[in-house]
Amino acid sequence: MPNYTNSVWSEATPAPAYPPLAGNVAVDVAVVGGGITGITSALLLARAGHRVAVVEARRIGKGESGKTTAHLTEALDVPYQTLISRFGLTGARLAASAQRAAIERIASFTEECGIDCDFRRVPGFAFAETRAERAVLEREAAAVRKLGLNAALVERAPLPFSIAGALRFDEQATLHPRIYLQGLERAFVALGGRIFEDTQVVAIDEGEPCRVISDRGVVAAREVIVAAHVPIVNRVLLHAKLAAYRTYVVGVDLQDSAGIGDGMYWDMADPYHYIRSQTIGDRRYLLVGGEDHKVGEADDTAAPFERLESYVRVRFGRDVAATDFRWSGQIVVSADGLPYVGHNSLSRKVFVATGYAGNGITQGTLAAMVLADEICDIANPFADLLDATRIKPLASVGAVLSENLDYPKHMLADRLPGSVDEGAEALAAIPPGEGQVLSLGGERLAVYRNANGQLGALSPVCTHLGCLVHWNTAEKSWDCPCHGSRFDPHGRVLNGPAVSPLEAKRIPGTTEEEAPLYDLHEHAATD
Ligand SMILES: Cc1cc2nc3c(=O)[nH]c(=O)nc-3n(C[C@H](O)[C@H](O)[C@H](O)COP(=O)(O)OP(=O)(O)OC[C@H]3O[C@@H](n4cnc5c(N)ncnc54)[C@H](O)[C@@H]3O)c2cc1C
Ligand code: FES
């Protein structure tokens with residue numbers, strides 16, 4: 001049985017551990033979340049002389065920043081043709097220069113902090129495989145020319161299969177994301193920065209000072225940056241402008257180049273595939289990702305891996321071995337194609353950063369630059385464009401409405417009679433290591449059977465806004481289709497916006513003492 005949750009980055013990089021918060025502390029700025037956004041913000045602010053604490057629910061760098069494929073590119077998930085129509089030439093030009101600024105900030109950090117993370121400047125190729133895709137690419141080439149990007153249409157790319165042309169972006173970059181993040185983390189700690197791991201923030205009270213309330217104590221801070229990938233404050237409004245997707249990657253151990261040149265590549269399928277290679281130690285890996293779907297909406301979460309394996313077989317002539325890497329992660333897409341960065345609604349002291357889609361290594365860095373400037377009272381050229389409270393441009397209103405429709409749809413459809421299996425037979429059919437939402441004794445329960453065959457039950461009602469979770473067999477998690485919260489088999493939060501665990505329940509016919517029927521802490525959360 002292949003391991004679905006192990007990223008290629010986890011192999012060679014044991015991370016230092018930081019203690020949980022013990023009691024209360026006071027700092028200038030509290031940062032919630034230790035991914036690319038949180039650690040970059042923390043370092044920039046510590047460099048500017050602020051006392052900063054990072055509060056991380058699990059381990060630093062093991063959220064989505066530990067699952068990324070780290071293409072650092074000026075090309076965004078949303079084509080520039082679309083961005084021009086939404087933000088005008090000036091806005092799209094600013095978005096492109098923001099991407100460049102983030103790549104250069106990352107390049108500077110690797111030098112300033114001496115981070116040996118294999119930062120490489122490589123070309124990026126958006127490639128077409130059909131004539132129709134080629135026509136779209138030609139229009140995109142015209143759009144990026146207007147923006148002054150260093151990009152050109154070419155007939156070939158260094159790939160082992162034939163293509164119908166590509167748009168080549170020069171001076172893009174790749175790196176080893178975990179080594180990079182660990183380098184930033186070391187630089188932050190060397191400046192006196194504090195990190196608290198295994199400390200989950202459950203609420204933020206804005207005031208003077210703000211109070212960041214966690215399960216371990218309270219951090220008092222003048223300002224707070226919520227860098228939790230999705231905001232855990234602003235439980236409704238901002239989420240109406242966001243949609244959470246799962247995306248999948250296979251990492252294949254290659255004996256040779258497999259015909260793939262130095263560069264990164266993405267196709268024009270919907271959802272698209274993204275491709276690059278990475279050397280780690282004495283091994284070279286082919287990384288192929290894609291097959292995205294909305295969180296909680298795939299019936300069979302092992303199938304995307306099978307489709308990626310087939311893609312690798314057909315395009316690269318390689319079989320993906322059971323020992324190769326397979327992992328998935330979450331991306332959060334904004335309604336208009338640009339991230340939301342800045343003040344949380346009307347708040348003056350609490351800041352959010354989210355909606356990076358598949359560009360979060362650059363956009364998390366960008367968000368950190370914007371928020372650090374805001375806190376240091378420095379005008380930032382990208383702050384207005386990314387303003388988290390924007391509802392413009394009007395073109396995004398339709399997208400906001402359609403994302404919002406998913407919420408009532410799931411609230412109703414998932415509760416209809418007959419939408420889940422019922423009774424003792426369905427319960428008995430759950431195999432070890434799997435979960436299912438069932439109706440038992442007239443009540444919906446999220447039931448998991450552990451490797452020893454013991455059953456445990458939870459309420460399937462998501463603790464964010466009440467949708468019903470679905471079982472994700474690849475990642476062994478309960479996933480909420482409404483705003484992307486995820487919980488481990490025992491109900492603990494893996495991804496927000498939820499901050500509270502699923503409620504433990506009793507399986508009808510068992511006694512109070514028997515529920516849950518197994519040790520809730522038996523399994524560590526997935527990587
Ligand atoms: C498979 C995959 C491939 C990708 N490929 C690319 C790519 O090629 N290029 C690119 O630019 N981007 C890519 N991305 C996107 C990018 O990796 C992410 O957008 C980015 O890493 C998000 O960074 P973050 O700091 O916002 O979130 P994270 O790295 O997830 O950090 C957030 C942290 O907050 C913590 N947290 C959450 N809730 C709480 C709480 N209540 N209390 C305390 N802590 C909390 C989490 O545990 C986590 O550690 C990819 C993503 C995935 C999943
Ligand atoms: S994530 Fe919002 S209801 Fe579950």
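Which of the 37 residues around ligand 1 come nearest? The close-ups below start there, in a predicted model.

**View 1. The surroundings of ligand 1.** Glu 56, Glu 64, Ser 65, His 71 and Ile 361 come nearest, out of 37 residues around the ligand. Sort the shell by class and you get 19 polar, 15 nonpolar and three charged residues.

**View 2. Backbone atoms facing ligand 1.** A backbone N or O atom of Gly 360 is 3.0 Å from a nitrogen atom of the ligand. At Ala 70, a polar backbone atom lies 3.3 Å from an oxygen atom of ligand 1. Asn 359 also has a backbone N or O atom by a ligand oxygen, at 3.5 Å. On its own, ligand 1 has 1000 Å² of accessible area, and the protein covers 96% of this.

**View 3. Helix H2 crossing helix H6.** H2 spans residues 80-112. The axes of H2 and H6 come within 8 Å and cross at roughly 90 degrees. The two helices are therefore roughly perpendicular to each other.

**View 4. The residues where H2 and H6 touch.** From H2, the contact uses Ala 98, Gln 99, Ala 101, Ala 102, Ile 103, Arg 105 and Ile 106. From H6 come Ile 361, Thr 362, Gln 363, Thr 365, Leu 366 and Met 369. By class, eight of the contact residues are nonpolar, four are polar and one is charged. Find Ile 361 again: this H6 residue is part of the helix contact, and Ile 361 is also among the residues nearest ligand 1.

Definitions and conventions: Residues are numbered from 1 along each chain as its sequence is written. Chains are lettered from A and ligands numbered from 1 in the order in which they are written. This is a predicted model: local features need pLDDT of at least 70, side-chain atom pairs count only at pLDDT 80 or more; totals for chains, interfaces and linings use all residues. Side-chain values use heavy atoms; hydrogens and water are left out. A residue is near a molecule or strand if one of its heavy atoms lies within 4 Å of it. A polar contact is a pair of N or O atoms within 3.5 Å; within protein, one must be able to donate a hydrogen and the other to accept it, and residues adjacent in sequence count only if both atoms are side-chain atoms. Accessible areas come from the Shrake-Rupley method with a 1.4 Å probe; for residues, only the protein chains shown count as cover. Ala, Val, Leu, Ile, Met, Phe, Trp, Tyr, Cys and Pro count as nonpolar, Asp, Glu, Lys and Arg as charged, and the others, Gly among them, as polar. Axes are lines fitted to C-alpha atoms, for helices over the stretch in contact, and angles run from 0 to 180 degrees between N-to-C directions. Helices (H or I, at least four residues) and strands (E, at least two) are DSSP runs, numbered from the N terminus. Angles under 35 degrees count as roughly parallel, over 145 as roughly antiparallel, 65 to 115 as roughly perpendicular and the rest as oblique. Contact means heavy atoms within 4.5 Å.
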